[in-house]
Amino acid sequence: MKPPEIIPYSVLDSVNDPADLRSLSVAELQKLAGEIRDLIISTVAATGGHLASSLGAVELTLALHYVFNTPRDRLIWDVGHQSYAHKIVTGRKEKFATLRQQGGLSGFPKRTESPYDTFNAGHSGTSIAAAAAFAEAQCLKGEHNKIIAVIGDGSLTTGMAFEGLNWSGDRKKNLIIVLNDNEMSISPNVGALSSYLNRIMTGDRVTRFKSELKNFFKSIPGIGEQILKFSQQIEESVKTFVVPGALFEELGFTYVGPLEGHRLDYLLKNFENVKKLEGPVLVHVITQKGRGYKFAEENSPTYHGIAPFDVETGQTLPSVNPAPSYTEIFGRTMTELAAADSRIVAVTAAMCEGTGLEKFRKAHPGRFYDVGIAEQLAVTFAAGLATEGLTPVVAIYSTFLQRAYDQILHDVCLQNLPVVFAVDRAGIVGEDGATHQGLFDLSYLRNLPRLVMMAPKDENELRHMLKTAVGCGSPVSIRYPRGKGVGVPLDSEITTLPLGRGEVLHEGTDLAMMAVGSTVYPALQAARKLAAEGIGVKVINARFIKPLDAELLLGTAASVKKILTIEENVLDGGFGSAVLELFAQNDVTGITVRRLGVRDEFVEHAKQSELRAQLGLDEEGILRAAREMLQK
Ligand SMILES: Cc1ncc(C[n+]2csc(CCOP(=O)(O)OP(=O)(O)O)c2C)c(N)n1
């Protein structure tokens, strides 16, 4: 017998924009959800990306586009990492294979990509603020489009989300906030609000109320049993009578939910009703992270953001580079240092896995704090711990630490507290793109008095820097890149480095390269190539961005007349700027300085290696810049 013909994507093929969804039956929509999941899984298996969150939001996405008149009705995604289904049904399915690739679709909503992407995102907690503004703008413009923000329970732990709820609940404008609750941030969600949501979901409060009611009725002699019978009949009404979501109601929102987030019939019906409501509404939708892909359902943290993987086994493709990542080394060293020093504590803002702190959490659970997606809280909390004599290490990605600038200044540096900032993912991060590049920390931290700033050239140096930092007695930042270390051997003993001292890795007098962090080895390689051509290049590993090794740098400028500074940071206010300031302050003349770094622009998504090549920050680029200088 001839096998049945398999038509791939039989429904998806007919869907090019949300209008096409509206002619589908619920059964077809359900089938479409499956097809979209297949497309997401097979694509992310090739490109890497945010798999679990997007899989969990497929039915929700279809229901919202079905019921609301997008893009006139504004759909705003929080973080935007769950927006793959949204991209697929809003005219981008043909391009979906280019997700996160150079020149391809962004992994996050982007206004330049589609009119359906109403507000760019990448960082958590912005959607309610944006939606509140859109709602106000509708009033000012005399328009009546619906405004819908979709925010996860994890992102609801951000301060800005609370601020947005507080503000918009009071303004009473028409606004729908969809709370996509899967009980997970990247790791299990934390905080009192998360426990509250969980109680709503499991109906704990309702159950407790009902049993208390039953006992009360039973205790009434004579008529109690009768009332009890009656009360059982109205059990369902009791459920709605004891309003779940009372907290949101108190804040001025009409609470709807909890709704099963994978039942399309249910979602469609409820959103149709929600559409008719006036004022601020919060729709609580329960979803499962990783839905529809076994491995992601069972272990969503691993599949939150994942590198390319094998669909059959769920395993990421083996790396050709056996070196440990900087993140791994950070986590390992933290665990080691904390074993010897009970004052060391670790603080993360919902990024335990991402920052490599799992090992620490297991070894020293009492000294590990996950405060939720709350970078500001993390920093001021660390400042408080430091005031009490502890040595907090706050591990936050460079891009997310931007959130906590004032806390670093006002709560840490101003009080000269010994808080260590482990600034992970500093420099080019690659496929996550412009919202996630860690290209600003050198500039936004360098102007803060009392802060010591370091960047290791390799993973071994990171270990020594961490030890130096926890013993420093002042605020310290250590920035290190995303990805694998250099693969150098690790010293068995971790030592303290002399503060503000760089090192010379290669001697020469034709040109000096002053490099920092991840650019040191490419600079060294370039210098070795030039040495083979008879050109002498001095290579300095700066180690400290603040304080700079003035003696070494000024001494170099006295003997080498061409200087190239190299950093993976924006040029404005970065390491090269610091070197120029040093030279200016010391009236250095007669030298040529060129700075390699990122010009005044945002860097979009592509592989790290592609971006480094494009920006001239790899070995080739450094060689090119050096040759240009040498020829002049
Ligand atoms: C300010 C900020 N800090 C950290 C992150 C990293 N991050 C991305 S998604 C995420 C978890 C979000 O959880 P939730 O909103 O519940 O969405 P889910 O992934 O569960 O669908 C985190 C911590 C971020 N994007 N922005």
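1. I begin with helix α8, where the exposed residues A192, S195 and T202 sit on the face turned away from the buried side of the helix. The model is a predicted one, and what follows should be read with that in mind. Within α8, which spans residues 192–202, the buried positions are S194, L197 and I200. Viewed down the helix axis, the buried residues of α8 fall within an arc of 115 degrees, so they line one face of the helix. The cover over these buried residues includes three strands, β3 (175–181), β4 (254–260) and β5 (280–286).

2. One of those covering strands, β4, also contains P258, and the peptide bond that leads from G257 into P258 is cis, with omega near -5 degrees. A cis peptide bond also joins K546 and P547, where omega is about -5 degrees; P547 is placed in the loop between β15 (544–546) and α23 (550–559).

3. As for the overall division of the chain, the domain assignment gives domain 1 (12–203 + 244–298), domain 2 (326–479) and domain 3 (503–631). Taken over C-alpha atoms, the centres of domain 2 and domain 3 are separated by 26 Å, and 21 residues of domain 2 are in contact with 29 residues of domain 3. On the side of domain 2 that touches domain 3, α20 (441–446) and β10 (452–454) each supply at least two residues. By class, that side of domain 2 is made up of eleven nonpolar, five polar and five charged residues.

4. The largest nonpolar core holds 92 residues, and the members that touch the most others are A378, V394 and M513. Helix α17 (residues 375–387) gives this core its largest share, seven residues. Both domain 2 (326–479) and domain 3 (503–631) give residues to this core, so it lies between them. If the neighbours within four places in sequence are left aside, A378 is in contact with V347, A349, V371, V394, I396 and A404.

5. V79 has a positive phi of about 65 degrees, although it is not a glycine, and V79 lies in the loop between β1 (74–77) and α5 (84–92). Because V79 has 25 C-beta neighbours inside 10 Å, this residue counts as buried. A350, which is likewise not a glycine, has a positive phi near 70 degrees, and A350 is found in the loop between β6 (344–348) and α16 (358–363). With 27 C-beta neighbours inside 10 Å, A350 therefore counts as buried.

6. Finally, there is the ligand, which 23 residues surround, the closest being S53, S124, G152, G154 and S155. The shell around the ligand divides by class into eight nonpolar, eleven polar and four charged residues. This shell draws at least three residues from domain 1 (12–203 + 244–298) and at least three from domain 2 (326–479).

Terms used: Residues are numbered from 1 along each chain as its sequence is written. This is a predicted model: local features need pLDDT of at least 70, side-chain atom pairs count only at pLDDT 80 or more; totals for chains, interfaces and linings use all residues. A nonpolar core is a set of buried Ala, Val, Leu, Ile, Met, Phe, Trp, Tyr and Cys residues joined through C-beta atoms within 7 Å. A residue is buried if 20 or more other C-beta atoms lie within 10 Å of its own, exposed if 12 or fewer, and partly exposed in between; C-beta atoms are placed from the backbone. Helices (H or I, at least four residues) and strands (E, at least two) are DSSP runs, numbered from the N terminus. Domain bounds come from an automatic or database domain assignment. Two residues are in contact if their C-beta atoms, placed from the backbone, lie within 7 Å. Ala, Val, Leu, Ile, Met, Phe, Trp, Tyr, Cys and Pro count as nonpolar, Asp, Glu, Lys and Arg as charged, and the others, Gly among them, as polar. The arc is that of the directions from the helix axis to the C-beta atoms. A residue is near a molecule or strand if its C-beta atom, placed from the backbone, lies within 6 Å of it.
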